[in-house]
Amino acid sequence: MTLMEPASCRVDISGGTMSGATGNYQKRLGDLAGLYADAAAFSAQLAAEGNKIVYDVADFRPSAAAGDLIFGITRMSPGMIGEEFYLTRGHIHAQADRPEIYYGQAGAGLMLMESPEGETRVVEIAAQTICYVPPFWIHRSINTGSTDFIMVFSYPADAGQDYGIIEQSNGMRQRVMRGGDNGWTLVENADYRGRSADAIAGLMAR
């Protein structure tokens, strides 16, 4: 058996980047069409501000083997579409029994989580806050602050991502909007379509 070599990656909080990354990707405003409640506000902002970067991710993937770990950094710009904060596409892990850890580095935001049955949980994340996303929870990051929201993350290398689960339900059950005592509040997603008992059982069997 050949042992893998240890590695280190330096996090640059000021730029929201990480040295030594083996991969990276960006999501621009146009990539997030259909995610927000106010379609007219989305179209107006896209026309006025262009197809700007909303969030980017750099990660280090030693291997895809079970028992290994992927880690990286995500940086999300501040902003709103209408009264709704900038958000990520969100996902559940393709191997749904895999968890994930997020560690806040800068800015303020939250992790919006949803169970297969449609229960909602929210964890607020600031610098030096660790958020644990348990197995089987759909999750997306939301920047509720006025500066870049930066987090380090880590999850099992064989977890994978299923982005379609949110699209199939016409979004998550709750939206995060401006308001409330903490500057944000949850409102029902009027277009949400709940999962059938068979779909829930299939998720829990992954």
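**Close-up views of a predicted model**

View 1. Beyond the residues within four places of it in sequence, Asn51 is in contact with Arg28, Leu29, Gly30, Asp31 and Leu46. Asn51 belongs to the loop between α1 and β4 (53-60). The residue counts as partly exposed, because its relative accessibility is 39%, and the range for this class runs between 20% and 50%. Met151 lies 100 residues from Asn51 along the chain, and the C-alpha atoms of Asn51 and Met151 are separated by 23 Å.

**View 2. Asp38 and its contacts with Ile81 and Gly82.** Asp38 is found in the loop that runs between β3 (23-28) and α1 (39-49). With neighbours within four places in sequence left aside, the contacts of Asp38 are with Ile81 and Gly82. Glu84 is 46 residues from Asp38 along the chain, and a distance of 8.2 Å separates the C-alpha atoms of Asp38 and Glu84. Asp38 has a relative accessible area of 35% and is therefore partly exposed.

**View 3. The aromatic cluster of Tyr102, Phe153 and Tyr155.** The structure holds 4 aromatic pairs. One of them joins Tyr102 and Phe153 in a tilted arrangement, with 6.4 Å from centre to centre and 50° between the planes. This pair links distant parts of the chain, since Tyr102 lies in strand β8 (residues 100-106) and Phe153 in strand β13 (residues 149-156), 51 residues apart. Phe153 also pairs with Tyr155, and here the rings are stacked, at 6.1 Å centre to centre with 20° between the planes. Tyr102 and Phe153 are both buried, and Tyr155 is buried as well. Together, Tyr102, Phe153 and Tyr155 make up one aromatic cluster.

**View 4. Arg89 over the ring of Tyr163.** The view shows the charged end of Arg89 and the aromatic ring of Tyr163. The charged end sits over the ring, at 4.3 Å from the ring centre.

**View 5. A nonpolar surface patch containing Ile130.** Ile130 is located in strand β11 (residues 130-133). With a relative accessible area of 57%, Ile130 is exposed.

**View 6. Gln128, a residue with positive phi in the loop between β10 and β11.** Although Gln128 is not a glycine, its phi is positive, at about 70°. Gln128 is classed as exposed because its relative accessibility is 55%, and the exposed class begins over 50%.

**View 7. Phe136, a residue with positive phi in the loop between β11 and β12.** Phe136 is not a glycine, yet its phi is positive, at about 75°. Phe136 lies in the loop between β11 and β12 (138-143). The relative accessibility of Phe136 is 19%, so the residue counts as buried, the limit for this class being under 20%.

How values were computed:
Residues numbered from 1 in each chain as written. Predicted model: local features only at pLDDT ≥ 70, side-chain atom pairs only at ≥ 80, totals over all residues. Heavy atoms only, no water. Patch = residues over 30% accessible without salt bridge, like charges linked within 9 Å, V, L, I, M, F, W, Y side chains within 5 Å. Areas by Shrake-Rupley, 256 points an atom, 1.4 Å probe, with all protein chains shown as cover. Salt bridge = Lys/Arg side-chain N within 4 Å of Asp/Glu carboxyl O. Helix = DSSP H or I, 4+ residues; strand = E, 2+ residues; numbered from the N terminus. Buried < 20%, exposed > 50% of the residue type's maximum accessible area, 1.4 Å probe, protein only. Phe/Tyr/Trp six-rings, centres within 6.5 Å; stacked < 30°, edge-to-face > 60°. Lys NZ or Arg CZ within 6 Å of the ring centre and 35° of its normal. Contact = heavy atoms within 4.5 Å.
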